[in-house]
Structure formats: structure tokens, C-alpha cells
Protein chains: 2
Amino acid sequence: MSNTIRVIQYGLGPIGCATARLVDERDDLDLVGAVDIDPAKVGRDVGLLIGLHHELGVRIERELAAVGRPADVVLHTTNSFFDLFTDQVLGILAAGFDVVSTSEELSFPWLEDPDQAARIDAAARAAGRTVLGTGVNPGFLMDTLPLCMTSIMQRVDHVSVLRVINASKRRGPFQAKIGAGMTVDEFRSRMAGGRMGHVGLIQSTTMIFDTLGKKLVRFENTVEPVVAEKPVRTEFFDVAPGRVRGLHQVGRAYADDGEFVGLTFRAALDEEPDGDTIRITGLPDLTVTLRGTNGDLATVAMAVNAIRRTREAAPGLLTMRDLPIVTGTAAPARRAVERGGAQDVESGGSP
Amino acid sequence: MSNTIRVIQYGLGPIGCATARLVDERDDLDLVGAVDIDPAKVGRDVGLLIGLHHELGVRIERELAAVGRPADVVLHTTNSFFDLFTDQVLGILAAGFDVVSTSEELSFPWLEDPDQAARIDAAARAAGRTVLGTGVNPGFLMDTLPLCMTSIMQRVDHVSVLRVINASKRRGPFQAKIGAGMTVDEFRSRMAGGRMGHVGLIQSTTMIFDTLGKKLVRFENTVEPVVAEKPVRTEFFDVAPGRVRGLHQVGRAYADDGEFVGLTFRAALDEEPDGDTIRITGLPDLTVTLRGTNGDLATVAMAVNAIRRTREAAPGLLTMRDLPIVTGTAAPARRAVERGGAQDVESGGSP
């Protein structure tokens with residue numbers, strides 16, 4: 001099919017395996033390469049790794065340069081932080097490919113990491129290529145979707161989003177990431193170490209401020225443990241009363257005239273009901289509630305669905321507010337019946 | 001301000017008066033002209049007509065050509081149907097302006113009115129100008145927003161939207177339009193005349209089919225009266241039991257493999273609770289519920305909010321799926337305190 005987009009999967013963790021599988025299922029996309037640093041993966045055929053029952057004739061390479069086939073886009077799913085992914089993205093651009101990335105800090109870097117953003121933007125323009133940072137959160141639920149809703153408002157006074165995830169339905173690594181089973185002291189010392197909690201609130205916040213024309217003067221981020229009051233048991237954890245069953249994170253962002261954005265991320269075992277609530281006050285006041293926005297399924301979908309719009313876009317570093325609406329497809333999965341056992345996405349995944 | 005967009009308001013019915021008022025309130029927009037065919041309006045200053053307590057120095061003209069000041073965009077709010085608005089839009093393009101229109105048939109004309117769409121598209125390209133069809137419904141709730149939601153889905157099997165409006169909260173003309181107070185026989189004979197019911201279901205449907213890659217093979221549209229079981233009284237109507245208090249309209253759209261889209265529009269007096277529900281099945285299944293999407297406020301907001309994106313877009317006839325996300329603004333209303341008595345939008349308005 002002449003309209004087919006050739007995709008290289010870069011990063012084969014749980015999310016990368018799932019995006020590769022979805023690319024393989026899509027008639028309009030062709031999986032032509034795969035890259036991962038894990039020595040246990042390099043050299044294998046990607047088809048078996050991602051849960052198909054057959055090889056795809058695509059060898060997993062240690063380096064992008066070793067991918068022998070021509071391609072259009074690199075689907076980049078490695079890590080969250082600029083200091084870890086910048087060189088990867090610059091390398092992909094230097095090789096001449098567009099980039100769709102799920103790295104959280106790339107979802108809206110213009111205010112929080114302006115130098116890094118400018119560097120990648122300049123490299124993309126120089127290469128005549130496009131880089132998109134996307135995902136479900138950040139990238140959609142707490143930023144793009146609330147912004148879309150403001151299209152039917154005459155005036156916006158305040159934006160709040162509450163995301164509640166029942167982590168009992170998620171896999172072990174996600175449960176571990178939110179502190180399940182820790183003592184409160186362990187939780188707080190991990191917190192102090194800096195890498196506990198959801199990555200993305202400041203990106204979502206700054207996208208909203210910048211797009212709606214507000215000036216951010218202060219951002220407060222708090223992460224608190226959610227403590228079990230009764231025993232909680234999952235496939236992976238036994239949490240005694242008094243121990244941690246999850247986390248409750250709040251980002252509050254202020255303009256000169258008071259709080260303008262409040263984002264709450266709550267993920268805990270046995271947390272019911274889960275779902276998302278967007279409240280935007282102004283003229284009119286809007287309330288939007290969502291059920292079913294599974295973080296792993298959704299991030300994988302968004303990354304793959306965004307490929308075509310990224311290909312069509314002008315060169316540079318883009319965020320979701322810059323693209324025409326990204327949509328899914330009704331096209332039937334080409335090889336769904338051949339799919340192997342990796343139906344669920346393993347976590348590590350996205351909130 | 002150099003970035004200010006100069007706007008001519010074309011059509012000064014209830015929606016046009018409200019859009020003109022919002023343009024006047026916005027710091028980034030400047031109301032520089034106004035056009036209406038009503039002899040009672042022509043020659044007056046638009047400021048007083050739209051409910052301000054002061055003149056704006058903008059005379060309402062019978063013809064666009066009589067507007068003396070330079071402008072960028074025409075905000076077109078006249079009527080729903082191609083046979084009534086095509087010449088207006090072609091005239092605006094010939095005069096060299098971009099167009100943002102709330103005409104329902106323009107919201108997605110590519111499948112339902114392809115010849116008309118092609119004619120306007122060609123004229124826009126020839127003039128180097130952009131035409132956007134927009135609004136809240138069609139234009140957002142039953143098409144753009146569900147399409148946005150599919151961005152986080154790996155596969156879309158079926159899209160349904162239910163919009164329920166409690167017409168008791170709306171003005172007399174809207175209540176009349178949905179049949180309030182009629183006998184069931186009167187309702188059915190008005191129906192047979194063809195212009196009863198919401199305009200836009202086929203446009204929303206075709207936007208969804210076309211965007212998600214489905215082929216529409218059949219569309220069914222039914223409109224039924226909602227009959228009062230007990231007396232209903234509003235400021236404008238006294239409805240006896242057995243008479244009509246509103247309408248219930250369903251559009252069902254089929255692909256080769258069955259129903260793919262189902263849209264339900266229900267507007268009636270004393271209808272509670274009101275709100276919107278979007279259900280999309282696939283992977284994952286999503287449910288989105290909305291409260292507060294007031295049709296008149298929302299259409300006015302969308303039309304004005306879409307102006308900047310329309311200015312920035314490439315020439316041609318565009319729909320909401322073609323633009324980067326349209327958003328509102330947090331900017332305070334410049335002259336809100338001077339606003340006159342026309343705070344509410346009079347209906348006739350948009351569903």
C-alpha cells in the first residue's frame with residue numbers, strides 16, 4: 001500500500017512491545033525495525049518478543065544505525081526524563097526519521113525545560129523532521145482533553161482534573177511503583193529521593209497555562225501515601241493495615257490572581273470507583289467524567305494513532321495542542337487471531 | 001495590538017448578536033463590521049443592538065460590500081442549509097475574507113453535499129482563504145469530541161452519543177422549534193414538511209465514518225414526539241397532558257458489517273437530567289458524560305474561539321477535524337462590566 005508508513009520501534013519495554021504489536025496489527029503501518037539496549041533482546045526476532053506466534057523477519061538491533069530497512073517514523077518509548085532521552089531523540093533525527101515519543105517530559109517542555117526543548121526543536125527543523133511528545137497522561141487526559149473542552153467556553157476561570165486509578169487491576173510493577181506494601185516511612189524516604197510519583201503534572205499544567213494565555217507564577221506538587229485501613233491482597237502484594245496501598249498526588253498551579261489549575265492523581269489498590277473527572281469553571285461551567293481510560297492501553301493507542309498526523313505535520317518539536325485531532329481507526333486488526341498471549345500490556349507502564 | 005484579528009459579524013440573529021458581543025469582549029479580536037438583511041437593523045450601530053450600553057461606531061450594513069473598514073475574518077451566522085447560504089459564503093470569499101460559519105450543513109459536507117463542498121472549497125483556494133464550518137452540535141459534541149476520544153483507543157467498534165436537553169431552561173423560540181404545545185398530529189404533519197428536528201446528525205455521522213475509515217451504506221433518521229404525561233408549564237408554553245413537550249430524534253448509521261454510529265438527540269420541556277453521554281466500544285470501551293454544555297453559550301464560544309485557528313490554517317474548506325485543537329481563553333472580558341441586558345442568548349439558537 002503506497003500510503004503505508006514504515007515504523008521503527010525504539011525501546012521494547014512493556015509499552016514498546018505493545019506499540020510494536022499494534023503497529024503490526026494496523027494495515028496502514030508497517031513495522032520495519034526494532035531497537036533495544038537489552039542484551040537479552042538484541043538479535044532476536046521482534047515478532048516472538050512482542051507475543052506473536054511467528055517471526056516478523058525484523059531483528060532487534062542494539063543501535064538504530066544497524067536497522068537496515070528504509071523507514072519513516074521512529075516510535076520512541078524508552079524513559080521519562082530529558083537527561084536520559086535527549087541524545088536518543090537527537091540521534092533519531094540525525095538518522096532522518098520523524099519521532100513519536102511517549103517520554104513524559106517531552107509532552108510539553110516549552111516552559112519547564114525550554115533549553116532542551118529548543119535544542120530538539122532546532123535539530124528537528126534542521127533535519128526537516130517532526131518530533132511529537134504524546135501519551136495519555138501527560139498528553140491527553142489532563143491537558144489536551146481539558147483544552148479541547150474549553151473550545152465551547154466563552155471564558156475559563158479554573159481547570160481541575162482528578163484521575164483515580166484502581167491499581168488492583170494493574171500489574172505488579174505498577175503496584176510497586178505507587179508504593180504498595182511499603183511502610184509510610186519507606187514511602188516518604190523514597191519520595192525524598194525524588195523519583196516517586198507520577199511524571200507529567202507540570203507538563204500538563206504548563207500546556208494549559210500557555211495555551212489559555214495565563215502566566216504561571218507558582219506550582220506546588222505534593223505526594224502523600226494512601227494508607228490501608230484493612231488488609232489488601234492482590235496477585236502481587238499483601239498489604240497490612242497501616243501500610244501503603246498507593247499514592248495521592250496533587251499539583252496546584254497559580255497565576256497572579258490565584259489558583260488556575262489543580263491536578264490530582266490518585267492511584268491505589270482497592271480504590272473504587274476509578275475514572276477521571278474534569279471540571280472547568282467559567283462560562284459555562286463544564287463537568288466531564290470518563291470511565292475506561294486504561295493508562296497502558298490508552299498510551300499505546302495514542303502513540304500509534306499519532307503517527308500519521310506527525311508524518312503530515314511541519315518540521316519541529318510539536319505537542320498535542322499543535323496537531324489536528326488524532327483519532328483511532330475502525331479498521332479491523334489484520335492479524336488479531338494470530339496474536340499470542342501478551343494480550344495485556346505489562347506495566348511499568350503509563351498512568 | 002498587532003496580533004489583533006479584525007472581524008465582521010455577518011448575520012445578527014440571536015447567535016450572531018452573541019458572537020458579536022463575545023468578539024467585542026475579547027482583547028485579541030476587534031469587531032470592525034456588521035451585516036444583516038433586516039431593514040429594522042440596517043443603519044443602526046451594532047453596539048446597542050447586541051446589548052451594550054454604548055455605540056461601537058460600527059454601522060450595520062445591508063451588504064458586505066458596504067462595510068468600509070479593512071477586516072480579516074467574517075463570522076457567518078445566518079442559516080443551516082446550503083441552498084440558503086452558499087451564495088453568501090461565495091460572496092464573502094470573493095471579498096477576500098476568511099469565514100467561520102455556524103451553518104450546520106457546512107460542518108461536514110464532504111459526503112452529504114459533495115458538490116456544494118467542492119464548489120466552496122475551490123472558491124476558497126482560488127481566493128487563498130479558509131472556510132471553517134463549526135458549532136457545538138454539529139461541530140463538537142457528536143463528532144469532534146468523540147473522534148478525539150478515539151485517540152486513546154486501539155480499535156473502534158461502535159460510537160454512540162446521547163444528547164438530552166431540558167428545554168424548560170431555554171427560550172421560547174427553542175421550545176417552539178421542538179414542538180412544545182403541539183398536538184401529536186400537528187407535530188407529525190410539521191415533521192412531514194421536512195424542517196422539524198435537529199440539523200446535523202448526518203454531518204456528524206459522516207465525519208465519524210470518514211475519519212475512522214468506515215464506509216457508510218445506510219443512514220436512518222427518525223423523529224418522534226415526546227408527549228406530556230402531566231401538565232407542563234414554562235414561561236412560554238402551557239402543555240396539557242397528551243400534547244407534545246419535545247422531540248426525540250435518532251440517527252442510525254450502518255457499515256457493511258452493521259451499525260457503527262448511533263446518535264440520539266432528545267430535547268423536551270421538563271426533561272431531567274440533561275447532559276450528554278458518549279459511549280465508544282472497542283479497545284478499551286470508553287464512557288464519557290458531560291454536564292453544562294449549553295447549546296447557545298457553547299456555539300457562540302466555539303465560533304469565536306475558532307477564529308484564530310482558521311486564520312492560521314491553509315486555504316480551502318475545512319472542518320473541525322482538520323484544525324489543531326481549538327481552545328478558549330482565560331483572558332478577562334475587556335468590557336464585561338459595561339454589558340447590557342442581553343446576557344442570555346436568545347434562542348432560535350443551537351442545539
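Modeller: Angles under 35 degrees count as roughly parallel, those over 145 as roughly antiparallel, those from 65 to 115 as roughly perpendicular, and the rest as oblique. The model is predicted, so local features need pLDDT of at least 70 and side-chain atom pairs count only at pLDDT 80 or more, while totals for chains, interfaces and linings use all residues. Residues are numbered from 1 along each chain as its sequence is written, and chains are lettered from A, with ligands numbered from 1, in the order in which they are written. Helices (H or I, at least four residues) and strands (E, at least two) are DSSP runs numbered from the N terminus.

I begin with the helix pair in chain B. The axes of helix 3 (residues 82–94) and helix 4 of chain B come within 9 Å and cross at roughly 10 degrees; axes are lines fitted to C-alpha atoms, for helices over the stretch in contact, and angles run from 0 to 180 degrees between N-to-C directions. Helix 3 and helix 4 of chain B are therefore roughly parallel to each other. From helix 3 of chain B, the contact draws on Phe82(B), Thr86(B), Val89(B), Leu90(B), Leu93(B) and Ala94(B), and from helix 4 of chain B on Gln116(B), Ile120(B), Ala123(B), Ala124(B) and Ala127(B); contact requires C-beta atoms, placed from the backbone, within 7 Å. Nine of the residues in this contact of helix 3 with helix 4 of chain B are nonpolar, two are polar and none is charged. In this classification Ala, Val, Leu, Ile, Met, Phe, Trp, Tyr, Cys and Pro are nonpolar, Asp, Glu, Lys and Arg are charged, and the others, Gly among them, are polar.

Next comes the sheet beside the pair. Chain B has an open sheet of seven strands in the order 3-2-1-4-5-6-15, with parallel pairing; two strands pair if DSSP finds at least two bridges between them. Strand 3 (60–61) and strand 15 (316–318) of chain B are at the edges with a single partner strand each, so one side of each has no neighbour in the sheet. Within the sheet, strand 4 (residues 73–76) and strand 5 (residues 98–101) of chain B run parallel and are joined by four bridges, and Val74(B) faces Val99(B) in strand 5 of chain B. Helix 4 (residues 114–127) of chain B lies across strand 6 (130–133) and strand 15 of chain B, at about 125 degrees to strand 15 of chain B.

Chain A can be read in turn. An open sheet of seven strands in chain A has the order 3-2-1-4-5-6-15 and parallel pairing. Two bridges pair strand 2 (residues 29–35) with strand 3 of chain A in the parallel sense, and Val35(A) is opposite Glu61(A) in strand 3 of chain A. Helix 4 (residues 114–127) of chain A packs on this sheet, touching strand 6 (130–133) and strand 15 of chain A, and its direction makes about 125 degrees with that of strand 15 of chain A.

Beyond these elements, chain A divides into domain 1 (5–135 + 296–338) and domain 2 (144–291), with bounds from an automatic or database domain assignment. Their C-alpha centres in chain A lie 26 Å apart. In chain A, 11 residues of domain 1 are in contact with 11 residues of domain 2, and on the domain 1 side these are four nonpolar, three polar and four charged.

Finally, the two chains meet. Chain A places 49 residues in contact with 49 residues of chain B. The elements giving two or more residues to the chain A side are helix 5 (144–149), strand 7 (155–166), helix 8 (201–212), strand 14 (286–291) and helix 9 (295–312) of chain A. That side of chain A has 28 nonpolar, 15 polar and six charged residues. Strand 14 of chain A and strand 14 (residues 286–291) of chain B run antiparallel, joined by five bridges, with Val288(A) opposite Leu290(B). A rotation of 180 degrees with 0.0 Å of shift along its axis superposes chain A on chain B (RMSD 0.0 Å), by least squares on the C-alpha atoms of residues with pLDDT of at least 70 in both. That is the relation of a two-fold axis. In chain A, the C-alpha nearest the axis belongs to Pro324(A), 1.9 Å from it.

Technical notes: Contact = placed C-beta atoms within 7 Å.
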